[in-house]
Amino acid sequence: MIAKDDIRDVLIIGSGATGAINAKVLAEAGLDVICLEQGGWIERKEFVHTHSDWGWERNSSWNPDVNARSHPDDYPVDSDASKVLMWNGVGGSTNVYGAIWPRYRPSDFRKGDEHGLQPNWPISYEDLAPFYERVDRLLGTSGLNGDPAMPPRPACPTGPLPFTPAAQRLSKAFDKLGWHWWPAEAGVISEDYDGRPGCNGCGLCNGCPRGSMTLYSQSVWPKALAAGAELKTHARVLRIETGPDGRATGVVWKNRITGALERTRARVVIVAANGVGTPRLLLASGIGNSSGMVGRNLLHHTLVGAQMWVDEPVNGHMGYVASMFSRQFAETDVSRGFVNGFNFNCLTSTPSAGEMTAGWHTGTRAPWGKGHHDWFERHFGHSIGLFAIGDDLPNPENRVFLDDKVVDEDGVPIARMHYEPGENDRRMMNYMLDRLEDIGAAAGAYEIALTDYRDKDGIYRTPAWHMIGTCRMGDAPEASVVNSWQQSWDVPNMFIVDGSVLPTGGVVNPTPTISAMALRAAEYVRDSFAELSATTRTEAA
Amino acid sequence: MTHPSPAAQMRLTQALASLADVLLPGNDAWPSGAAVGVQHAVLRRYIEAKGEDTLAQLAETLGAHGLPLLDQSDAARTDAVSAFESNDPDLFGWLQDASYFAYYEDASVVALIAARGTPYSLRPHIKGYDLPKFDLETQTPTHGRGHYIATKDVRPVDISGLELDTRITTKWGLQR
């Protein structure tokens, strides 16, 4: 039974990074904003970071993979390959992410021109750059200006984080190879900023209850709430409703505290439910999919990793998890045998001795028995981790779709997910693994372990932090789900602001780009609100 | 729900303690797994992860491999645990990982790590680690390497030689 009927200016579905930004911008403009979030707030004391068993907990009850934990705020995702990393609650996945903060590069927006195996974006790097900068100022991003491998940009609001011994060791290896490297940009403040304390180098960088890492629940939501936005938690949206004119009229949602179904109407609906939740909701609602692209072209990035051990102590358990980037291979060079490029994300190591002995990053477990303690003394404090992260090509068969039989407790079909790397991705992986071995050799590692994330049956089970592409933006309604303002082609007062709209993945962690785009879309909604309140047609912008 | 009898429960705890001592034997520098109580955390976490109903099966599996390994030589204990590892790698791996985590979150083990000269804290999030600030003068890269293609300079590349549709990579990843 529908318990209530209400009407608002703007209704936002999901309170993660992009929902938070939209709530802030639109509430500050004086609009009546409500955000519905299926999870709850996480208070600082609820995080496990101050527990003595935090290492175990972050691999069990706080595991970022929804299928590796049991949490009542989650919804079922049946993946036949990828792990599904997300968090459902205020702040979304920023509660458990690492806040590595690189930008896309200009060519990432022009892959259609470059080789045609991916679409061009309908916007350019230059369109987005001002929004990157404003998001950086909002959050207090840290980093070092002047990287010759990226376009010029203003200095980060806070300076670079400490250049750890692991970073120093790797930088010498990259120098030896003649490869680019640069200290990492991070969504972590290196000094006190906006009432939040600077990073203390604890190394527990999956979420950060002290707020040095930007959790949107701490950095953005307080501003949105102060501006008058209403955030309703434990409110799971079951469907988006549309009227005869094709406009969204609002949503039906379940109050997870009382069990009641409620309806909230709105003049503009903003979907911010991530690359799995958003296509699931659109498909379950039967809207927005005249292109047939909803849920398709799921991108995760082409990912492989390495762990190396060096004689000199580097104490990689200390300091922010990412130390530096190498953009040496970021651009396409077809002589490598594939299109697109990749970055190296250089890490420190795990902050947990237990986690390292249990096979952190590459599954390299410490031996049991009499050799265990010798192994530990030789390896702990000597470990360095690396990722190679590449731009995977879209494939319509890599997708999020609805199960045709199984529904969740609310009667909504569960999300299913399929992903496997294509030919270009496999070639890139092989090349990346060879280069990781080059780095290990140049660093003088006495041991190096690689991971390709394939299980014993050969299935690529990537830790898929990045779930993008499933509601891609584009120039044409027949090939995309939203236009350049992230406005649905089919439902003119519905916007999609999460990572699902990214047509390509670039070679980087996407949250900075997703956040910048969300800010851009929010300001468009703000500035066009009167028109959006009545329009029945989406224009190609 | 079938709960093990108190005696069976005690024997299961003994079996996990015995396993912990083979996985993490003590020596002059380090305590054994059982000495720091690894078995208690492992049992608690096993129940949380798998449920009480699975305890009888766990006890049966451990018992089938001779655990607890009372009054046996080191070699015999090692042989028994090796057989367990080979016969049931998934369960063994879970218990191995749980034992390692429990061992290294013990305060006395953490103190031993720190005493070796490696700064290491049981709860580092509270006070963090002292790290020197980034030194702009000495740590800013001076290599001058790196480039990007500006938007206006993006040009088509010739992909005809890649044969992505016809030349299939069958050996990839670690099998490459």
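This is a guided tour of a predicted two-chain model, one selection at a time.

Local features need pLDDT of at least 70 and side-chain atom pairs count only at pLDDT 80 or more, while totals for chains, interfaces and linings use all residues; side-chain values use heavy atoms, with hydrogens and water left out. Residues are numbered from 1 along each chain as its sequence is written, with chains lettered from A and ligands numbered from 1 in the order in which they are written.

**Stop 1**

Select chain A. It holds 14 helices and 18 strands. Helices (H or I, at least four residues) and strands (E, at least two) are DSSP runs, numbered from the N terminus. The C-alpha atoms fill a box of roughly 70 × 50 × 45 Å along the principal axes.

Colour by burial next. In chain A, 70% of the 541 residues count as buried. Buried means under 20% relative accessible area, exposed over 50%, partly exposed in between (1.4 Å probe, protein chains only).

**Stop 2: the cores of chain A**

Select A:Y216, A:I240, A:L282 and A:Y320. These have the most contacts inside the largest nonpolar core, which has 106 residues. Such a core is a set of buried Ala, Val, Leu, Ile, Met, Phe, Trp, Tyr and Cys residues joined through side-chain atoms within 4.5 Å. Helix α13 (residues 511-527) of chain A gives the most to this core, with 9 residues.

Centre on A:L282. Which residues does A:L282 touch, not counting those up to four places away in sequence? They are A:I240, A:V271, A:I287, A:V294, A:C471, A:V481, A:M494 and A:I496. A second, separate core has 53 residues, including A:V84, A:W181, A:V304 and A:A415.

**Stop 3**

Go to A:N274 in helix α8 (residues 274-285) of chain A. Its phi is near 80°, a positive value in a residue other than glycine. A:N274 is buried, at 18% relative accessible area.

Move to A:N297, in the loop between α8 and β10 (302-309) of chain A. Phi of A:N297 is also positive, near 60°. Is A:N297 buried or exposed? A:N297 counts as buried, at 4% relative accessibility.

Now pick A:N88, in the loop between β4 (83-84) and α3 (111-114) of chain A. A:N88 counts as buried because its relative accessibility is 7%. Its contacts (heavy atoms within 4.5 Å) beyond four places in sequence are A:E37, A:Q38, A:G39, A:R69, A:D73, A:D74 and A:Y75. Draw a C-alpha to C-alpha distance from A:N88 to A:I384: 31 Å, across 296 residues of sequence.

**Stop 4: chain B**

Select chain B. It has 8 helices and 0 strands. Its radius of gyration is 26 Å, well over the 16 Å that the globule rule gives for 176 residues, so chain B is more spread out than a compact globule. The C-alpha box is roughly 75 × 50 × 35 Å along the principal axes. Buried residues make up 43% of chain B.

Finish at B:P68, in the loop between α3 (55-64) and α4 (74-87) of chain B. The peptide bond from B:L67 to B:P68 is cis, with omega near 0°.

Note on methods: The radius of gyration is taken over C-alpha atoms; the globule rule is 2.2 Å times the number of residues to the power 0.38.
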